[in-house]
Amino acid sequence: MFYERLSAKDTTFLRIETDHEPQHVGSLSVLDGAPLRDADGRLRFDELRAHIERRLHRVPRMRQRLMEVPFGQGRPVWVDDAHFDLDFHVRLTSIPRPGDDVQLATLMSRLQSLPIDRARPLWEMWFVDGFADDDVGLVLKTHHALGDGIANVDLALAILDVGEETPDDGEPAPPWSPRPAPTDEQLLRQAVREYMTFPIRAADAAVRALRDPLPAIETTTNAVRTAISFTSKPDDAPWNRDVSPHRRWVSADVPIGGVRAIRERFDVTLNDVVLTACTGALRRFLVDHGADVHDRTLQAMVPISVRGDDERDDTLGNLISVTVVELPVSEPDPARRLELVHTATTEMKESGSAAGADTIIEIADAITPLAGPLTRFVSQQIPMNLVITNIPGPPMPLYFHGARMRRAYPYVEVVDHEGLTIAVLSYDDQLFFGITSDRDVIPDLADVARGIEAEFTLLREL
C-alpha cells in the first residue's frame, strides 16, 4: 500500500475549482522542428512519445492520480494509477498550415479552457504541428494541485536536456509497476486517527507557545492583520467580473538584458521592474478604455515562492505564499511608478502578510466539515484586481529530443471576479509573458501585451 496526502495549499486548488474555473497552470513552448521530423518532413510523433515515456520515472507524480477520502473526511491522497495510459496524456494536434503565432495563441486559449480529468494523473501534453517555418509547438497543462509555477518548471525539466544530445535515446523505458492503493476503509481509519490525535497536537503547540511565546504572537498578529486587510476591497477594474469557461490568452517577449540594466540603474529588484511595466501597461489600457485613473491604484496578488534550493527538482506541490501589492496606475511618470512599486514591495515583505495568509488557509483546512466552502470563501476575500506572477526559469537554452526550445510562455488561470492574470517566465536571456483573461471579459487582450513591451522600452530609455 502506498499513498501521500496532499498539503492544505495543494488541496485549496481542488476546493476552489468549478466547471467554468479550471484550476490548472501550464506553458506554451516553441521548438525547432527540424530535429523532430523525418526525411519527408513528417513529425516523428511515436519517437517523441517514447522519449517522454523514458523520462516519466524522473517525476513519479506523472503516473499518480487523486484518491478521495470517504465522506470528505480529510484531504485527498496521491496513489499510483494502475490504469495509466500515456496515449491519453500525450497528444498531437495541428493549426492550419501555414500557421503563425496568432493561430497558435487561439489554439492555446482553447486547450487551456478545457479542464483536466481528475480521475487520471493531472497533466496533459499537446504537440502542435502546422507552422509555416516547420517549428513545433508544445502545450503543457498541469493541475495547480500538482504544484506551483516553479514545480511545473521542474516537471518540464524532467523531459528536457541542457544540450542537443539525448543521453537515453533509443533505450527502453525503465520498468514500472503501480503500487497498491489503500482501501476506502484504510483512508477513513487514518482520518479518524488524525482527529483523535488533534487535541494532543493542540496541547503540544500550546506548551511550545508558553515556552517561547514570540513565534505564536507573531503568527497570530500576522493572521489578524491579514484578515483585517481582507475586509477592504479595492474598486473594481473592467475585468473584475465573473468568467465563462472560455479563455483568451496572448503573449509578449522582452529581452532580459534591458531589464537587468533598469534594475541596476534604479537599485530595485527584477520583480519590481516587471510589476512597474505591468502597471504602466494597465494604466494605458484603462485610459484607452475611458476609465478614470486619477488617485487610482490596482491591487495585484503576487505569489511569493518559499521553496528552498534543496526543494528544487524532487519536490512538487505548492510552496508559495500570497501577498498583495498596490500598483500606482494613477502615476504618469514611469520612474516615479518604479519608485512607488519598490516601496510597496518592500513594505509588503516586512508586513508579514504572506505568513498571515498561510495561517488563514491552514485554519480553513482544519475545519474539515466546512473546509471546501470555507476555503473557497477565503479565496474570494483576497483584496485583488488581478494576479501577477514571476516564475524563474533556466537561463540557458534547453532541448527536447535534440530540438532547441526557442521560446517558452507561461499560462496561469483566472477565476470569478479576477478576470486577468499576467505570468512571466525567464528563460534563455528573455522574459516571456503569458497573459490570460476570459474570452468575453477582455476582447482586446493583445493591447495589454503590447503595452507591457512598450513600457519596458520606455523604462530602458530612462
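Tutor: Let us begin with two terms. Contact means heavy atoms within 4.5 Å. Helices (H or I, at least four residues) and strands (E, at least two) are DSSP runs, numbered from the N terminus. The model is predicted: local features need pLDDT of at least 70, side-chain atom pairs count only at pLDDT 80 or more, and totals for chains, interfaces and linings use all residues. Residues are numbered from 1 along each chain as its sequence is written, and side-chain values use heavy atoms, without hydrogens and water.

Student: What covers the buried residues of α4?

Tutor: Buried means under 20% relative accessible area, exposed over 50%, and partly exposed in between (1.4 Å probe, protein chains only). The cover of the buried residues of α4 includes the strands β2 (24–31), β5 (90–99), β6 (123–131), β7 (136–143), β8 (247–255) and β13 (403–411). Among the buried residues themselves are Leu-104, Leu-107, Met-108 and Leu-111.

Student: How many residues does α4 have, and how far does the helix reach?

Tutor: The expected span of a helix is 1.5 Å times one less than its number of residues. Helix α4, residues 101–113, has 13 residues and reaches 18 Å from its first C-alpha to its last, close to the expected 18 Å.

Student: How many residues does the largest nonpolar core have?

Tutor: In soluble globular proteins, nonpolar side chains tend to be buried together. A nonpolar core is a set of buried Ala, Val, Leu, Ile, Met, Phe, Trp, Tyr and Cys residues joined through side-chain atoms within 4.5 Å. Here the largest has 55 residues, and those with the most contacts inside it are Leu-36, Ile-52, Trp-123, Phe-127 and Phe-400. Strand β6 supplies the largest share of this core, 6 residues. Apart from it lies another core, of 46 residues, including Val-254 and Ile-442.

Student: Which residues meet Arg-97 and Asp-129 in a network of salt bridges?

Tutor: A salt bridge is a side-chain nitrogen of Lys or Arg within 4 Å of a carboxyl oxygen of Asp or Glu. The network links Arg-37 and Asp-134 with Arg-97 and Asp-129. The side chains of Asp-129 and Arg-97 meet at 3.5 Å, N to O. This pair joins distant parts of the chain, with Asp-129 in strand β6 and Arg-97 in strand β5, 32 residues apart. Asp-129 counts as buried because its relative accessibility is 15%, whereas Arg-97 is partly exposed at 48%. The whole structure holds 28 salt bridges.

Student: Where is Glu-418 placed, and is this residue buried or exposed?

Tutor: Glu-418 sits in the loop between β13 and β14 (420–427). For charge, Lys and Arg count as positive and Asp and Glu as negative, while His and the chain ends are not counted. Glu-418 is buried yet has no salt bridge, and the nearest side chain of opposite charge, Arg-247, is 9.0 Å away. A polar contact is a pair of N or O atoms within 3.5 Å; within protein, one must be able to donate a hydrogen and the other to accept it, and residues adjacent in sequence count only if both atoms are side-chain atoms. The side chain of Glu-418 makes such a contact with the side chain of Thr-421, at 3.2 Å.
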